[in-house]
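Let's take a walk through this model together. Keep the structure open in your viewer, and we'll stop at a handful of places along the way.

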Amino acid sequence: MDKSILFVDDEEMVLSSLRRELAEWLEDLGYNMVSATSVDAGLALVRANPGQFRVVVSDLKMPGKLGTVLLGAVASEFPDISTVLLTGFAEIEEIKKAIRSGIISFVQKPWDANLLQAELMRAIELATLKRERRTHVSQLEQEAVWLKRIHHALLLPKPQTDGQLRWGLGYRPARATLDGGGDFFQIRHLSAERVLVCIGSIDAPGAQGTYHAMLVRDELLTLIQDQNPNLTQRPNTILEQLNNRLCTMGLEVPGYFMSMTVAAIDLTRHQLRMSNAGGEQYMDCTKGEWETHHLPSPGIGFKPDLLFSTREHPFHPGDRLLLASPSLMVGADQLHQLEKAAEAVEIARIDNTAAQTVLDQIDSDATRDQTMILCGWKE
């Protein structure tokens, strides 16, 4: 049998009584009874094969070490195993200690057979639930990993680099969470001299974020394709028209926030025009000086006919632009890390690998997926 209950007591007579009273009942349940006569021996059995044991029952008073030491160690190292204290001593402090260590029950000697069986059954059911939960969580974690891969493949394609502008995309999936991400971007070469860059984020978890990001990304792409190349001079118009389209679509994202930054680069005019929705920040570097910009603005998709502002910057060979998820643009220290890491990359060497290296150097609490686009005009 691979399912067992371990009984630990220094008195062989007690173990014999337990075996006589419980062996047949446990066998009917499909369980084996294993015994040990000391804390060290019991803990060694559990550590050697933790998957075998569902419940550990221990006496309190034993030579050398108290049973609470065993039960505390088992509860700490193997949380899927239920622990029960069996004692003939009314030592309240030790019982309190055992409860704090995670035991689910204690039974006093001499025990009542029906009560003992009831407590053991409760311990078995709890152990079963814990194992089922762990299996379920493991499955969810695997699904989250694949969801992030799907998100990355569908919404974060590799940016194309032309002769003058160098692009790199960095992506970091959320750590220690089942959530996927709602980040997406578009880089559109509307002509040889005009480039449009859009990066957006939807604060929706898991599959909802990926699904709604796909809808917004596709609507944005349709909007850009339907307009003439001069649209690059009016990034605020892109946001205004996209906002109206999303409101018409009636996306079901109650309580979630959508933000987006649009950068329009005109190489002939040496001009960078920026607009954003949701107040996201962006960074640019002109003549070696980095500056972080913030345009207060509403989110998109909640109210039609909103107006968005535009800010214009000079953009020349040697200049850089950095767009990133909101969680990356937080705090002076983190912004300084971004500046230093991005500055260390030669513009001629900017690509996905370089952008990923920059992102990996940033120490941030990545509880959500993070995306970064680094752009430079090669001299």
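A disulfide is a covalent bond between the sulfur atoms of two cysteines. The structure holds 0 of them, with a disulfide taken as a pair of cysteine sulfur atoms within 2.5 Å.

A quick word on what you're looking at. This is a predicted model, in which local features need pLDDT of at least 70 and side-chain atom pairs count only at pLDDT 80 or more, while totals for chains, interfaces and linings use all residues. Residues are numbered from 1 along each chain as its sequence is written, and side-chain values use heavy atoms, with hydrogens and water left out.

Next, the nonpolar interior. In soluble globular proteins, nonpolar side chains tend to be buried together. The largest nonpolar core here has 22 residues, and Val 216, Leu 242, Met 260 and Ile 300 touch the most other members. Such a core is a set of buried Ala, Val, Leu, Ile, Met, Phe, Trp, Tyr and Cys residues joined through side-chain atoms within 4.5 Å. Two or more residues come from each of strand S8 (194–202), helix H6 (206–226), helix H7 (235–249) and strand S9 (258–266); helices (H or I, at least four residues) and strands (E, at least two) are DSSP runs, numbered from the N terminus. H6 gives the most to this core, with 5 residues.

While you're at H6, find Gln 208, which sits in that helix. Gln 208 is partly exposed, at 37% relative accessible area. Its C-alpha atom is separated by 8.0 Å from that of Gly 182, 26 residues apart along the chain.

The structure holds 1 cavity of 30 Å³ or more. To find it, a 1 Å grid is laid over the protein atoms alone, and a cavity is a set of points where a 1.4 Å probe fits but cannot get out; lining residues have an atom within 4 Å of a point. Points are joined across faces, edges and corners, and the volume is the space filled by probe spheres set on them. Phe 7, Val 8, Asp 9, Leu 15, Leu 18, Val 57, Ser 58, Asp 59 and Leu 86 line the largest cavity. Strand S3 contributes the most to that lining, with 3 residues.

Arg 54 is buried, with a relative accessible area of 12%. Its side chain reaches the backbone oxygen of Gly 51 at 2.8 Å, a polar contact being a pair of N or O atoms within 3.5 Å where, within protein, one must be able to donate a hydrogen and the other to accept it, and residues adjacent in sequence count only if both atoms are side-chain atoms.

Most residues other than glycine have a negative phi, and most peptide bonds are trans. The bond from Lys 109 to Pro 110 is cis, with omega near -10 degrees, and Pro 110 is found in the loop between strand S5 (105–108) and helix H5 (113–155). Lys 287 has a positive phi of about 55 degrees, and is exposed at 77% relative accessible area. Asp 305 has a positive phi near 65 degrees and is exposed at 63%.

Methods: On a 1 Å grid over the protein atoms alone, a cavity is a set of points where a 1.4 Å probe fits but cannot get out, and a pocket is an open set with protein on both sides within 12 Å along at least five of seven lines; lining residues have an atom within 4 Å of a point. Buried means under 20% relative accessible area, exposed over 50%, partly exposed in between (1.4 Å probe, protein chains only).
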